[in-house]
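The following questions and answers go through one protein model. Each answer works from the structure to the value or name asked for.

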Amino acid sequence: MALTLKSRCCVVIVLLLASFQSMADTAIDARYFEDPVMAERYRDLTASLRCPKCDAQAIDSSNSPVAADMRERVTLMLREGRSDKEILDFMANRFGEFVLYNPRLDGRTWLLWALPAALVAGGAMVVIAFVRARRHRRVRPLSKEERTRLASLIHRHREGSE
């Protein structure tokens, strides 16, 4: 069953159209801002907000409908003249603190912020304690029995190597 030239062209066109459609489905929509500062703010905000549906993926690179909605809301709020803090507050109130890659310091997150500093301080204290203990350790002289045993071991070792 040989394909004619016309049917081959139709197959190629159908395949090309299908591939363009799949590329369009996976592309993240880009927002256009005339002001470069506004565009930079948009990029920073969408990179600093986590998609609530995706695992550890920012909304700027997520294909989920929730992320698309969040990007749209960020765009609208930026065009309304809202500050970055207002936008982040809105998103955190709407979706929870989880959407913030840098959680705020409050009653629920103080341990998250304090734990690394406490671990470093604890480790420094352990190192200091070891150094001090080593420095103050006294070297006691060997007893007569220990010196005799050491001498016999050294003598045996010399005889075995000769």
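Q: In which helix is leucine 111 found?
A: The model is a predicted one. In it, the helix that spans residues 110-136 includes leucine 111. That helix is α5.

Q: Is leucine 111 buried, partly exposed or exposed?
A: The relative accessible area of leucine 111 is 47%. Buried requires a value under 20% and exposed a value over 50%, with partly exposed in between. Leucine 111 is therefore partly exposed.

Q: What accessible area do the residues of the nonpolar surface patch with Leu111 have together?
A: Leu111 belongs to a nonpolar patch on the surface, along with Trp110, Leu115 and Leu119. Together these residues have an accessible area of about 440 Å².

Q: How many helices and how many strands does the protein have?
A: From the N terminus on, the elements run α-α-α-α-α-α. The count is 6 helices and 0 strands.

Q: What percentage of the residues in the protein is buried?
A: The protein exposes about 12,900 Å², and carbon and sulfur atoms supply 63% of that area. A residue counts as buried under 20% relative accessible area. Of the 162 residues, the buried ones make up 17%.

Q: Which element gives the most residues to the largest nonpolar core?
A: The largest nonpolar core has 19 residues, and Leu49, Val74 and Leu78 have the most contacts inside it. The elements that give two or more residues to this core are α2, α3 (65-79) and α4. With 5 residues, the element that gives the most is α3.

Q: How many residues apart are arginine 41 and aspartate 84?
A: Arginine 41 and aspartate 84 form a salt bridge, with the closest N and O atoms 2.7 Å apart. The pair links distant parts of the chain, since arginine 41 is in helix α2 and aspartate 84 in helix α4 (residues 84-95). Both are partly exposed, arginine 41 at 22% relative accessible area and aspartate 84 at 30%.

Q: What separates arginine 43 and glutamate 40 in helix α2?
A: The side chains of arginine 43 and glutamate 40 meet in a salt bridge of 2.8 Å, N to O. Arginine 43 is partly exposed at 45% relative accessible area, and glutamate 40 is partly exposed at 37%. Because the two are 3 residues apart in helix α2 (residues 36-48), what separates them is about one helical turn.

Q: How far apart are the closest N and O atoms of glutamate 146 and arginine 140?
A: Glutamate 146 is partly exposed at 31% relative accessibility, whereas arginine 140 is exposed at 59%. Side chains of opposite charge can pair when their charged atoms come close. The cut-off for a salt bridge is 4 Å, and in the one between glutamate 146 and arginine 140 the closest N and O atoms are 3.6 Å apart.

Q: How many salt bridges does the structure hold?
A: Among them are the pair of arginine 43 with glutamate 40 and the pair of arginine 41 with aspartate 84. Glutamate 146 with arginine 140 is another. The number of salt bridges in the structure is 6.

Key:
Residues numbered from 1 in each chain as written. Predicted model: local features only at pLDDT ≥ 70, side-chain atom pairs only at ≥ 80, totals over all residues. Heavy atoms only, no water. Helix = DSSP H or I, 4+ residues; strand = E, 2+ residues; numbered from the N terminus. Buried < 20%, exposed > 50% of the residue type's maximum accessible area, 1.4 Å probe, protein only. Core = buried A, V, L, I, M, F, W, Y, C linked by side-chain atoms within 4.5 Å. Patch = residues over 30% accessible without salt bridge, like charges linked within 9 Å, V, L, I, M, F, W, Y side chains within 5 Å. Areas by Shrake-Rupley, 256 points an atom, 1.4 Å probe, with all protein chains shown as cover.
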